[in-house]
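Biologist: I have a structure here and some questions about the labels on it. Could you take me through them?

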Amino acid sequence: MSNGVSPSTNPVSGGDIRDSLIIGLDVPSVEEARTIVTRIGDAGTFYKIGYQLAYAGGFEFARELIGQGKKIFLDLKLHDIGNTVEEGVRSIARMGVTFLTVHAYPQTMRAAVTGKAGSNLKILAVTVLTSYDDNDLVEAGYAPVSAAELVARRAGQAREIGIDGIVCAATEAERVRAIVGPDSFIVTPGIRPSGSEAGDQKRIVTPGDAIRNGATHLVVARPIVKAADPRAAAEAIVKEMGDATA
Ligand SMILES: O=c1ccn([C@@H]2O[C@H](COP(=O)(O)O)[C@@H](O)[C@H]2O)c(=O)[nH]1
């Protein structure tokens, strides 16, 4: 089954710029998610389903959206023993989703690459969460290392293992591109239009700067789904992204 996304059709390099905006459906119910998707209409082509919705009927809703021609990013951030990750990815690969996340640990990434074999599923490796700064890494037990250094190390491992794309902050996108080469997706959460609240995100970048830094896809949840007019919020972000490619 084709999911309609490949590095050669990377929307930032010539396709539909709307496909580069991944809207995070971080809402508590399918009913609420359906309302938002309807309100956004054709301004949104790519949706992310994470923990909150996945465990509240989100898998069925993902199939519904795929049936409507939308692309789906399942942000499950898998991390377990290799066999469990491999078999889990094998099951997800049958759903027809476009992107799936795993944490960027070598065992986990190898298992995911094996599990998706023969499918069109693209695996993204989450390097260092965008809510982390250098102090958070020390608190989590890492020897003094900057978030940027750890992202670079994990991006290099992901490239060696054959992962399709990297999740990082757009602050690191340029450096990651130099590591992973031209054919990898670079997917950046922590996006904040100027003037909007950072919330718990610590490594934030505006939509325009993220594109200029080399991101292929931007992940945006609260600034869109909590906006009074989600469609207008999505359109404004897409416009800023498009202007950055001009
Ligand atoms: O490093 C990461 C990885 C994933 N996320 C996810 O992206 C969205 C961002 O939501 P906002 O409301 O736009 O901050 C959210 O679903 C996270 O789980 C991330 O933020 N950082």
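Biologist: How many of the residues of β5 are buried?

Modeller: Five of its five residues are buried, so β5 is mostly covered; buried means under 20% relative accessible area. Bear in mind that this is a predicted model.

Biologist: Which residues of β5 point which way?

Modeller: Lys122, Leu124 and Val126 point one way from β5. Ile123 and Ala125 point the other way, and all are buried. In a regular strand the side chains alternate between the two faces of the sheet.

Biologist: How do you know which strands pair with β5?

Modeller: Count bridges. Two strands pair if there are at least two bridges between them. Five bridges join β4 to β5, and the two run parallel. Three bridges join β5 (residues 122–126) to β6 (residues 165–167), again in parallel. Both counts meet the cut-off, so β5 pairs with β4 and with β6.

Biologist: What makes the strands a barrel?

Modeller: Eight strands close up in the order β1-β2-β3-β4-β5-β6-β7-β8, with parallel pairing. From one strand to the next, the twist averages 25 degrees.

Biologist: How do you know that β8 pairs with β1 and with β7?

Modeller: Strand β1 (residues 21–24) and β8 share three bridges in the parallel sense. β7 and β8 share two bridges, also parallel. At least two are needed, so both pairs qualify. Leu21 has Leu218 of β8 as its bridge partner, and Val187 has His217 of β8.

Biologist: Which residues cover the two sides of β8 in the buried count?

Modeller: Strand β8 (residues 217–220) has His217 and Val219 on one side, and Leu218 and Val220 on the other. The four are all buried, and both faces are covered.

Biologist: Why are the buried residues of α7 said to line one face?

Modeller: Start with the residues. In helix α7 (residues 173–180), Ala173, Val176 and Val180 are buried. Seen down the axis, they fall within an arc of 60 degrees, so they line one face of the helix. An α-helix has 3.6 residues a turn, so residues three or four places apart point the same way.

Biologist: What lies on each side of α7?

Modeller: The buried residues pack against α6, β6 and β7 (185–188). Glu174 and Ala178 are exposed, on the face turned away from the buried side. Just after α7, Gly181 takes a positive phi of about 85 degrees.

Biologist: Why are the buried residues of α4 placed on the same side?

Modeller: In helix α4 (residues 106–115), the buried residues are Thr108, Met109, Ala111, Ala112 and Gly115. They cover an arc of only 165 degrees around the axis, which puts them on the same side of α4. Their cover includes β3 (71–78), α3 (82–93), β4 (99–103), β5 and α6 (147–161).

Biologist: Why does Ile40 count as buried?

Modeller: Its relative accessibility is 0%. The cut-off is under 20%, so Ile40 counts as buried. Ile40 is found in helix α1 (residues 30–40). Beyond its neighbours within four places in sequence, Ile40 is in contact with Ile23, Tyr47, Ile224, Pro230, Arg231 and Ala234.

Biologist: Which residues touch the most other members of the largest nonpolar core?

Modeller: That core has 68 residues, and Leu21, Leu25, Phe61, Leu74, Leu100 and Ile224 touch the most other members. A second, separate core of 10 residues includes Ile22, Phe46, Val126 and Val187.

Biologist: What is Leu25 in contact with, beyond its sequence neighbours?

Modeller: Leaving out those within four places, the contacts of Leu25 are Ala33, Ile36, Val37, Tyr47, Lys48, Leu53, Phe61 and Leu65.

Biologist: What makes the phi of Lys77 worth a look?

Modeller: Most residues other than glycine have a negative phi. Lys77 is not a glycine, yet has a positive phi of about 45 degrees. Lys77 lies in strand β3.

Biologist: Which residues does the domain annotation cover?

Modeller: The unreviewed UniProt entry annotates residues 20–237 as "domain: Orotidine 5'-phosphate decarboxylase". Over that range the chain is 44% helix and 17% strand, and the end C-alpha atoms are 10 Å apart.

Definitions and conventions:
Residues are numbered from 1 along each chain as its sequence is written. This is a predicted model: local features need pLDDT of at least 70, side-chain atom pairs count only at pLDDT 80 or more; totals for chains, interfaces and linings use all residues. Side-chain values use heavy atoms; hydrogens and water are left out. UniProt positions are given in the numbering used here, feature names are shortened, and annotations may be inferred rather than shown by experiment. A nonpolar core is a set of buried Ala, Val, Leu, Ile, Met, Phe, Trp, Tyr and Cys residues joined through side-chain atoms within 4.5 Å. Buried means under 20% relative accessible area, exposed over 50%, partly exposed in between (1.4 Å probe, protein chains only). Contact means heavy atoms within 4.5 Å. Axes are lines fitted to C-alpha atoms, for helices over the stretch in contact, and angles run from 0 to 180 degrees between N-to-C directions. The arc is that of the directions from the helix axis to the C-beta atoms.
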